[in-house]
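Hello,

Here is the structure I promised to pass on to you. Have a look at it first, and then read on for what turned up in it.

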Amino acid sequence: MAGLFRFVLLVCLVFASLGSPGYAFDAPAFQGDVLDEAGVLDEADKAALLARIRILRESDGVWAAIYVARDLQGDTIENATVKIFEKWKLGLAGKDNGLLIMIVPSARQMRIEVGYGLEGFITDVFSNRIINEQFKPAFREQRYTDGLLAGLERLAAAARGEVQAEGPPPDPVLAPPQDINWDGAWARFGFSLGANLMPILLYLLARYYGRIKGRVEQEKKNTGTGLGEIKTMFILFSFFGVFFGVFYAVFGAAFAGEPDILWVLMAVNGLFAGLFVLPFAFKASSYLSADVFRRQQARGRLLRIKKRSSKARNIFGVWFDPAQVSVSGGGTMPEPRSSSSGSSSGSGSSSSSSSSSSSSSGGGRSGGGGASGSW
């Protein structure tokens with residue numbers, strides 16, 4: 001069992017390492033209220049945005065900042081904005097009146113992150129309305145400054161308590177459909193295929209080790225099995241890779257701002273793969289451990305003996321009775337039998353017994369609220 005446990009643990013660790021990508025967005029240091037790493041704003045645009053942010057801070061008490069990132073570094077925009085917010089410490093300590101607008105043109109994503117002190121005025125629903133009504137139309141035409149200035153105006157109105165004058169949010173049924181961001185779809189499909197085919201690679205390595213130790217040839221000699229299990233594994237786990245890969249690609253593109261969808265798919269994928277990999281892991285353990293290999297061979301011999309007829313069990317004067325054979329840790333051990341007298345042709349029949357055994361900048365905090373979107 002030790003070999004089996006080590007192999008299953010290895011498979012689980014591989015799936016865990018593949019299924020949990022190391023999200024580690026490196027938040028830049030605070031370099032002013034407007035930081036443009038993507039180069040989509042010119043100096044005039046930055047000056048206009050800085051002036052509006054200054055008014056927003058002095059008149060409305062909102063410490064806002066704008067960050068235009070080159071990419072997300074493999075992270076989600078939700079995680080990235082929280083890390084930037086905490087590193088920049090937007091807002092005043094005790095008031096938590098900070099606000100961060102993050103834009104990633106390469107991923108066509110954006111997010112508004114607000115501090116605890118503003119959540120009563122700038123709600124998630126209101127932030128989502130600004131993204132849909134101000135940011136998206138302007139960003140699709142690459143009018144980033146126009147969209148940001150319009151969004152800052154509405155955020156200032158919300159901070160002053162004037163949101164009610166804007167009427168109810170639009171009917172979601174009549175809202176225009178969001179564009180699907182297919183960026184990274186092939187990468188997610190390839191990840192699924194590679195992760196699901198990993199057990200086959202591990203099994204082939206275990207089988208190669210067993211061939212070096214001579215256990216594969218001995219198994220073929222005793223059971224006559226060949227490469228059928230490898231073909232079965234390839235078909236089974238290739239199906240898992242393609243099947244879940246399609247789901248990863250489609251749902252990852254349709255719900256780019258909701259990474260929990262992918263985590264649920266990974267959990268389901270891992271559950272199915274783990275259940276179907278157990279028989280092959282048990283087989284591979286016999287290639288890796290001599291003790292496990294001997295026990296499996298002993299069980300196989302016992303099963304073959306049980307399938308024989310009573311006449312076939314009497315081999316060279318030795319009677320194999322499966323009903324009187326007990327299984328030990330290292331093989332089979334027949335129970336003692338009393339010898340019978342009166343043998344034919346003057347020769348007495350004897351019972352043989354054998355046994356074997358084995359051993360074993362301010363200080364504000366993010367409120368976690370806000371909204372994300374893509375264009």
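Helix α6 has a kink of about 35 degrees at Met198, shortly before the proline Pro199. Please keep in mind that this is a predicted model.

How far apart are the end C-alpha atoms of α6? They lie 41 Å from each other, and this agrees with the 40 Å that the 28 residues of the helix (residues 185–212) should span at 1.5 Å a residue. After α6 comes Gly214, which has a positive phi, near 80 degrees.

Which strands pair with β2? One of them is β1 (residues 34–36), joined to β2 in the parallel sense over 3 bridges. In this pairing, Asp36 is opposite Val68 of β2. Between β1 and β2 the chain passes through helix α2 (residues 43–60), and this β-α-β crossover is left-handed.

The other is β3 (residues 98–104), which runs parallel to β2 and is linked to it by 6 bridges. Here Ile66 stands opposite Ile101 in β3. Helix α3 (residues 77–88) belongs to a β-α-β unit with β2 and β3, and that unit is right-handed.

Best wishes

Conventions
Residues are numbered from 1 along each chain as its sequence is written. This is a predicted model: local features need pLDDT of at least 70, side-chain atom pairs count only at pLDDT 80 or more; totals for chains, interfaces and linings use all residues. Side-chain values use heavy atoms; hydrogens and water are left out. Helices (H or I, at least four residues) and strands (E, at least two) are DSSP runs, numbered from the N terminus. The expected span of a helix is 1.5 Å times one less than its number of residues. The bend at a residue is the angle between axes fitted to the seven residues ending there and the seven starting there. Two strands pair if DSSP finds at least two bridges between them. A crossover is right-handed if, with the strands pointing away from the viewer, the path from the first strand over the helix to the second runs clockwise.
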